Amino acid sequence: MSNQPTVTDIFKRSLEMRKANPNASYDDVKSQLISEFSGRPFPSTAYLTIPEYDNIVPEEDWTAGLPVVYRGIQNEDWKDVIQGIIISLEQ
């Protein structure tokens, strides 16, 4: 990952965490993601997608958290960015 993560980078990291520890709660994943990404530059809103999921799950599922991610980027709030990632992950 570069210093400026993309939304896809963060989502992939959340999947890695769930795979490594399937019994971890979403709150645990959220806390770890916030810890890992806080202090880093925010993702660009130009890449506010998770294209790997276009052909895997219905768009309305994986995009559910993207408005929250977008708001987090606009407000420079990692908690909102990660909350949106978790919403998409839960779908």
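At a relative accessibility of 29%, Leu-15 counts as partly exposed, a class between buried (under 20% relative accessible area) and exposed (over 50%), found with a 1.4 Å probe and protein chains only. This is a predicted model, in which local features need pLDDT of at least 70 and side-chain atom pairs count only at pLDDT 80 or more, while totals for chains, interfaces and linings use all residues. Residues are numbered from 1 along each chain as its sequence is written, and side-chain values use heavy atoms, with hydrogens and water left out.

**Overall build**

- The protein has 5 helices and 0 strands, where helices (H or I, at least four residues) and strands (E, at least two) are DSSP runs numbered from the N terminus.
- Along the sequence, these elements follow the pattern α-α-α-α-α.
- Of the 91 residues of the protein, 41% count as buried, and its accessible surface comes to about 5300 Å², with 45% of that belonging to carbon and sulfur atoms (areas by the Shrake-Rupley method with a 1.4 Å probe, where for residues only the protein chains shown count as cover).
- Among contacts (heavy atoms within 4.5 Å) between residues at least 6 apart in sequence, 66% join residues at least 24 apart.

**Confidence**

- The average pLDDT of the protein is 86, and 85% of the residues score at least 70; pLDDT is the predictor's confidence in each residue, from 0 to 100.
- Among the elements, α2 has the highest mean pLDDT, at 96, whereas α3 has the lowest, at 57.
- Where pLDDT is low, the predicted coordinates should not be read in detail.

- Helix α1 covers residues 7–20, and its 14 residues should span 20 Å at 1.5 Å a residue, which agrees with the 20 Å between its end C-alpha atoms (the expected span is 1.5 Å times one less than the number of residues).
- Several residues of α1 are buried, including Val-7, Ile-10, Phe-11 and Met-17, and the buried residues of this helix pack against α2 (26–37), α4 and α5.
- Arg-13, which is found in helix α1, is also buried, with a relative accessible area of 19%.
- Leaving aside residues up to four places away in sequence, Arg-13 touches Gln-32, Leu-33, Glu-36 and Phe-37.
- Leu-15, the partly exposed residue of the opening sentence, lies in helix α1 too, and its C-alpha is 9.3 Å from that of Val-29, a residue 14 places away in sequence.

**Aromatic rings**

- The structure holds 2 aromatic pairs, a term for rings of Phe, Tyr and Trp (its six-membered ring) with centres within 6.5 Å, called stacked if the planes are under 30 degrees apart, edge-to-face if over 60 and tilted for the rest.
- Phe-42 and Trp-78 make a stacked pair, with 4.6 Å from centre to centre and 15° between the planes.
- This pair links distant parts of the chain, 36 residues apart, since Phe-42 is in the loop between α2 and α3 (59–62) and Trp-78 is in helix α5.
- Both partners are buried: Phe-42 has a relative accessible area of 18%, and Trp-78 has 7%.
- Together with Phe-37, Phe-42 and Trp-78 form one aromatic cluster.
- Arg-18 lies over the face of Tyr-26, at 4.4 Å from the ring centre (CZ of Arg, or NZ of Lys, must be within 6 Å of the ring centre and within 35 degrees of the ring normal).

**A loop residue**

- Glu-76 lies in the loop between α4 (66–75) and α5 (78–90), and at 60% relative accessibility this residue counts as exposed.
- The phi of Glu-76 is near 50°, a positive value in a residue other than glycine.
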